[in-house]
Amino acid sequence: MALALSQLLVNDKKMTTTSRNFLFFIVVAASAWYLNNNLLVVSNIEQFMPANIQNKNAQVLIDQSQKGLSANLILAQISGSNDKELSRLSRALKLNLEKKESFNFVINSQNFNNLKHEKLLKYRYLLHNNNTFDIGSLRHNFEKLLTAFTADTPSEFIDYLLIDPQSVFLDYLSLNQIKTTAKQKNGVWFVDNKALLMIQIQKNSTIEQQDLAIKTIKNTFEANKPSSAKLLLSGASIVAVEMRKNILNTIQYASFALIIIMFFVFVFIYRSIYLLLLAIITLASSVLISMSITQLVFSQIHGIVLAFGVTALGVCLDYPLHVFSNTCTKVSARNAVKKILKPLRIGVLTSIFSYMALIGTGFDGLTQLAIFASIGLLSTLFISVYFLPLWMQNTKIDKRKIPIGKCLSLKSKIFMSLLVVLLPAIFLSQQVGLFNTDISQLNPASIVSKKVDANLRQALGAEEINHIFLASDKNLAKVLTKTQEIQQQLKNLVTQDIIGGTMGADTLLPDRKTQKYRQEQLPNKEKLRNNVALALSKMPFKQDAFDNFINDISSSKTMPLLNYQDFKESFMANKLQSLLFVQNGVWYSLIRVIDIKNINKFKQQVNNSYLLKNTYYSISAIAGNIMNNYLKKTWTRLFAMLLLLFAITLWFAYKNKNRIWIVLPVFSGVLISLSFQALLGNSINIFHLLSLLLVIGLGFDYSLFFNYENNKVIQLSNSTHAITISAITTIMTFSVLAFSNVTVLSSIGQIVVIGVFACFIIAKFISTPTK
């Protein structure tokens, strides 16, 4: 690329001005047209999760935690009014949302209406083993039914109990439904003085569909005239939609800040609106080209990539600034480019090398960011050296001078070098727990939002999955059998009060062997009819009141066993698919552990069992290991990048000893930016390290140009002029990210602002050649 640019500069007269401008227009117009028709901006955090996990089971669990049914689950809270009004609003919201196709279900209570019409009801004796048919047990069930008659129980529920007086189906549902701490008031869930609901958006909904569904929920709530009541929503979909909104706002603020800064720079410093127009064209074109190629390669652009990339391309303002600052009344833009082409070329290549370190990390989002930034850098360089001189042929620049300061003596340089490297290095070495490998760092929600979400999940029994046992096999029957074997051992932990319970596919869909056994244990029709008659003795029931009950048991003895395909058509299908699913021809069965009361005893019992030990996974531990490995890999890449820069510096120093100072500002900038995060009490996460790659590229760029001064006043002034303006614009633009509501962008902004400021100051005093 660099060689091609040099050849173009030498032979640029072969193309007419009109043909070059036409080529530029075609490329920009084509990019704009392509983006207008194809641009897709996403905000799900999955792209910043690893895509090349070696352990297949771990990959399945990570996928389920990110893409499972809970991904589209919205938790709703209504507060701010009396219980009667909140109950009305909850029921009205449920009733109206159930009519809309965007939602799979809305739950606001333990509702057992229409149980008689559920197809699983006829299979209840094969699904659940809480079946006793002796005379005493049956009489006890009938007495409980009499109590229900006198307790003002709804008629629908009474009708159901006449079919299932043992409540076998209700017991089955209670095993597999949400265990909530919410209490029912007026027929809906309440925690304290807040009504709660769970709303499931359709599976595999796009971010646009989720956004529309959330707006539908809010509009439906407002249409019910809530008065002083307020609706609070939480969940992964809410976070994704809010994050996209915050990212777009951040991009707008950063773009606006950059425009204001550029306006000030070009009006006050360069005294030229025309140069402002050229800079805007250069940056806007680079952004368009970067976005189009990224969209073309990945079929989408992540919001974080777009926000960081657009802001980072503000750094590309460096290149036109160097051209403008080195052009004056005596030096044409063409000659200015020829003078600075070598450091420009080296600066761009080192920045690209920094971003290329992101490729191959196994994180698709980081690979996307590397491509976006690299294309932007190359595009800006190409426009700056090939088109700007063309557009500035008759332009004379009368810029304001910027004081250059005095150069340090060699002794002062050595003292300052030791100070800016050793102090932050010693400080960082004293820090404990400096690096954050918690997977929650990838959650872009605010601390307040996370707390609200955690409280709602706890109240509604929708806690995030962590402790899991996983059975897998290509044969479904074997998977179900292994699931029951695991469950059998886990029952011992429940008995010992080590865990509160478990939830697995076997309690939803027992294997064929278990179903067959339960079927064989059912009494024959005549014996059951005789036991029912004796149990009803002296009770005010009609003799035929339980004929349907007797007929159901009789039918259960001969009905075909329930299989997976039949179950998929029931109302428990979503629950089953979250616990039992197939991927690439392999069946996976998850057993969730509920309420671990003693984690040490739990781990001890797991380690003592060969079966449990080899099927147990902790999502947080898996994710922590992945993040830890990634941090090590990123540090290795950072270290390799710094070694590469050091090697380049040594090569330069072979011809000119002053070049040895180029690399030091980069090292110190990295150390100082990390130290500042530690001072703020922040642990270092992957996005901080990501930002360091940008700091390295910029630091080397600043240091390189300062070092290329040759002590002639005009040249020293020109380079300092461009670098100073570049540093100011970069710091001010990334300051917008530093105060962003999106924690990921905030982390990036803080590192870049401190790192760039440190690199600029240190490069000015250390990299500049000593007189």
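## Contacts of L358

In this predicted model, L358 is in contact (heavy atoms within 4.5 Å) with L366, T367, L369, A370, Y630, R637, L690 and L693, leaving aside residues up to four places away in sequence. Residues are numbered from 1 along each chain as its sequence is written.

## Nonpolar cores

L358 also belongs to the largest nonpolar core, which has 104 residues; F266, Y270, F324, L358, M392 and I748 have the most contacts inside it. Such a core is a set of buried Ala, Val, Leu, Ile, Met, Phe, Trp, Tyr and Cys residues joined through side-chain atoms within 4.5 Å. Buried means under 20% relative accessible area, with a 1.4 Å probe and protein chains only. Helix α30 (residues 686–707) gives the most to this core, with 15 residues. Another core, of 56 residues, lies apart from the largest one and includes L121, L561, I622 and I626.

## The chain as a whole

The protein chain contains 32 helices and 13 strands, which are DSSP runs numbered from the N terminus (helices H or I, at least four residues; strands E, at least two). Of its 771 residues, 53% are buried. Among contacts with a separation of 6 or more, 82% join residues 24 or more positions apart.

Notes. This is a predicted model: local features need pLDDT of at least 70, side-chain atom pairs count only at pLDDT 80 or more; totals for chains, interfaces and linings use all residues. Side-chain values use heavy atoms; hydrogens and water are left out. Buried means under 20% relative accessible area, exposed over 50%, partly exposed in between (1.4 Å probe, protein chains only).
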